[in-house]
Amino acid sequence: MPFLHRNNRAELAADWQDLVARHVSAWKLLDDQERAVLATHLEVLVTTKRWEAAQGFELTDRVRTVIAAQAALLVLELDLDHYCDVDSIIVHPSTMRFDRTSQGPVPGTEVCGSVDLLGEASYRGPVVIAWDSASAAARHPDRGHDVVLHEFAHKLDMLDGTVDGTPPLADPDLRQRWIEICTYEFDELAGSDGDTLIDGYGATDPGEFFAVVTETFFTLPTELEAVKPGLYDLFRAFYRQDPAARVRRHGRTLR
Ligand SMILES: [Zn+2]
């Protein structure tokens, strides 16, 4: 783990709206009411969460504002208490390489190696983000990936204490549909040949499935709705947002 440079105290940038308008593509699709909510969420995230930069990287207003805006978009229609477990956000300039030890193929053995990560979220721990990937995704959602949406989605999944691909769902009917449809779609993705709208990484486990589908739901919403309408409806019900309708209302795709 690289030495971390603490830069915890932050204020909302005076030009936050200009930064979001220039660097977060989704902003132009939001109506006035949604922009007002996003602004409120963004300010809370910037000013109350602890922001840290990896050594050699400088936290700027743009870095904090873009990451906070993407995280705010995820919970635009949910309570910000959904991020109660996010106490710090650690930003690295680029892909992170970590040494990891995992269980080997023979019981009782361990395999040591390194893994490259764009981000990471741990239970009751920080959210770690690679800035270059986050920045590119905020500007080019049509690529279908967004590390900020992915890692903060993991935090939502963790709210009930387990990473199982099922975030807290108060409605028992929705919860039942969630389990049925996500189980079916997870198995379908796991058995696919790799040429899928939903990234194959989602077949790693149910937790990754939720995070990856969240990325697709927000970045390629009309495509997901067309290909997987049942799955799209589930995520629309949970997030209480309809990003495909937003794209249609705007009269063109995000591209
Ligand atoms: Zn993940």
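**Figure 1. Overall fold of the protein chain.** The protein chain has 10 helices and seven strands (DSSP runs numbered from the N terminus, helices being H or I with at least four residues and strands E with at least two). This is a predicted model, in which local features need pLDDT of at least 70 and side-chain atom pairs count only at pLDDT 80 or more, while totals for chains, interfaces and linings use all residues. Residues are numbered from 1 along each chain as its sequence is written, and side-chain values use heavy atoms, with hydrogens and water left out. The radius of gyration is 18 Å, which agrees with the value near 18 Å for a compact globule of 255 residues (taken over C-alpha atoms; the globule rule is 2.2 Å times the number of residues to the power 0.38). Along the principal axes, the C-alpha atoms fill a box of roughly 50 × 50 × 35 Å. Of the 255 residues, 48% are buried (buried is under 20% relative accessible area, exposed over 50%, partly exposed in between; 1.4 Å probe, protein chains only).

**Figure 2. The Phe210 and Phe238 ring pair.** The count of aromatic pairs comes to 16 (rings of Phe, Tyr and Trp, the last by its six-membered ring, with centres within 6.5 Å; planes under 30 degrees apart are stacked, over 60 edge-to-face and the rest tilted). The ring centres of Phe210 and Phe238 are 6.1 Å apart and the planes are at 70°, so this pair is edge-to-face. Phe210 belongs to helix H7 (residues 206–219) and Phe238 to helix H9 (residues 229–239), so that the pair links parts of the chain 28 residues apart. Phe210 counts as buried at 1% relative accessibility, and Phe238 counts as buried at 5%.

**Figure 3. The Phe217 and Phe218 ring pair and the aromatic cluster.** With centres 5.0 Å apart and planes at 90°, the rings of Phe217 and Phe218 form an edge-to-face pair. Both Phe217 and Phe218 are buried. One aromatic cluster is formed by Trp178, Phe210, Phe217, Phe218, Tyr232, Phe235, Phe238 and Tyr239.

**Figure 4. Surroundings of Ser122.** Ser122 sits in the loop between strand E6 (119–121) and strand E7 (127–130). Its relative accessibility is 32%, so Ser122 counts as partly exposed. Apart from neighbours within four places in sequence, Ser122 is in contact with Asp85, Lys155 and Met158 (contact is heavy atoms within 4.5 Å). Ser122 and Arg175 are 53 residues apart along the chain, and their C-alpha atoms are separated by 24 Å.
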